[in-house]
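Work through the exercises below with the sequence and the model side by side. Try each task before reading its solution.

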Amino acid sequence: RQMCIRDRTYTDLKGKRMPLSNSQYDEIFRKYDEKQLASQHQLERRTKDVYARIPALKEIDDAIATCSVEQARRLLDGDEAALATLREKLSDYRRQKEQLLQEHGLTSDYLKPVYHCPDCRDTGYVNGRRCHCFEQAAINLVYTQSNLKEILELLLRKNPNIRVVLN
């Protein structure tokens, strides 16, 4: 996971940078770890299921591995065309896989990870900068820990005619 240890802050609703404690920061990243693990398990289940339903996909994946090793050896032996050959073969294998998936009623991205946030791929960072989902997770955590929700609900129950306006 990418992280910037120096910057343990979040941006509040007014755009002000606020510090996160180590435990808050760790809690946010535990949630990212949980999301990544769940996504990995889902992908493993899907792959196992698809291999059972469509054995030809397993054969293609095995051929991809074999071809990659074979072309790497050729490249190390000085064959300058090995990389271009590998790209061509991988492209062909990718088309075969997509066609098989579609023939069996599955989308072409069925065997790719599913992320809660496609921008950072559930890491919290994009190009070394905090993702918008990290900032939102920090705001949600601080809000939850502050008990503001309970206080607001209590206030509104006692005074139902109060209008709350956030600026």
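A polar contact is a pair of N or O atoms within 3.5 Å; within protein, one must be able to donate a hydrogen and the other to accept it, and residues adjacent in sequence count only if both atoms are side-chain atoms. This is a predicted model, in which local features need pLDDT of at least 70, side-chain atom pairs count only at pLDDT 80 or more, and totals for chains, interfaces and linings use all residues. Residues are numbered from 1 along each chain as its sequence is written, and side-chain values use heavy atoms, without hydrogens and water.

**Exercise 1.** Describe the setting of arginine 130.

Step 1. Arginine 130 lies in strand E4, residues 129–130 (strands are DSSP runs of at least two residues, helices of at least four, numbered from the N terminus).
Step 2. Its relative accessibility is 15%, and buried means under 20% (exposed is over 50%, partly exposed in between, with a 1.4 Å probe and protein chains only). Arginine 130 therefore counts as buried.
Step 3. Its side chain makes a polar contact with the side chain of tyrosine 125, at 3.4 Å.

**Exercise 2.** Find which residues isoleucine 28 touches.

Step 1. Contact means heavy atoms within 4.5 Å.
Step 2. Leaving out residues up to four places away in sequence, isoleucine 28 touches Leu20, Phe134, Ala137, Ala138 and Leu141.

**Exercise 3.** State which residues of H1 and H2 meet.

Step 1. From H1 come Val50, Tyr51, Ala52 and Arg53.
Step 2. From H2 come Pro55, Leu57, Lys58 and Asp61.
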